[in-house]
Amino acid sequence: MTDDDQDRDPALQFAALCHRRGRKGREVLLVTSSRGRWILPKGWPIDGQHPRQTALQEAWEEAGVKRGKPSKSALGSFESIKRFDDGEEIPCEIKVFEIKVQSMSKVFPEVKKRKRAWVSPKKAAKMIGDPALRDVFSML
């Protein structure tokens, strides 16, 4: 990241904090990034879609959430660095929307690109590499 990158406003992304009631309490859904790190499904704004709908769309594409109920407003946000495959890095603000998962699919657009895992919020915080994202789990 260059000094010029630090001066620009962060780009905006929307993330899906998918959760369900498991046998031992609340579980959250993590997916792997293209580099194998555990993350939340997230993506860029989609023209004509409300941010919560974009988060739900990303949950479908990246994690196979077939049906879910997104929160009306963001749970919170955090800043991170988006790293592209070509090595470019840009600052991002990521707004996080809770999604109560109602059903999942075994077949989804990025099924061959990602792993997914249902874990407790405490375990998720340990699996996540980004410290700012770890703080999001304390909001649950």
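Let's start with a pair of strands: strand 1 (residues 11-22) and strand 2 run antiparallel and are joined by four bridges. Strands here are DSSP runs of E with at least two residues, helices are runs of H or I with at least four, and both are numbered from the N terminus. Two strands count as paired if DSSP finds at least two bridges between them. Before going on, keep in mind that this is a predicted model, where local features need pLDDT of at least 70, side-chain atom pairs count only at pLDDT 80 or more, and totals for chains, interfaces and linings use all residues. Residues are numbered from 1 along each chain as its sequence is written, and side-chain values use heavy atoms, with hydrogens and water left out.

Back to our pair. A hairpin of two residues links strand 1 to strand 2, and histidine 19 sits opposite valine 28 of strand 2.

Strand 2 has other partners too. Four bridges tie it to strand 8 (residues 116-119), again antiparallel, and there leucine 30 has alanine 117 as its bridge partner. Strand 2 also runs antiparallel to strand 3 (residues 38-39), with two bridges between them; threonine 32 stands opposite tryptophan 38. In the hairpin of strand 2 and strand 3, five residues lie between the strands, and glycine 36 among them takes a positive phi near 90°.

So is strand 2 enclosed or open? Seven of its eight residues (25-32) are buried, so the rest of the structure largely encloses it. Buried means under 20% relative accessible area, exposed means over 50%, and partly exposed is in between (1.4 Å probe, protein chains only).

Now look at helix 2 (residues 51-63). Its buried residues include Thr54, Leu56 and Glu62. The buried residues of helix 2 pack against several strands, including strand 1, strand 2 and strand 7 (89-104); contact means heavy atoms within 4.5 Å. Just after the helix, glycine 64 takes a positive phi of about 80°.

Finally, the inside. A nonpolar core is a set of buried Ala, Val, Leu, Ile, Met, Phe, Trp, Tyr and Cys residues joined through side-chain atoms within 4.5 Å. The largest one has 18 residues, and Leu17, Leu30 and Leu40 are among those with the most contacts inside it. Strand 7 gives the largest share, four residues. Leucine 40 touches, among others, Leu17, Leu30, Val96 and Phe137, leaving aside residues up to four places away in sequence. A second, separate core has 14 residues, including Cys18 and Leu56.
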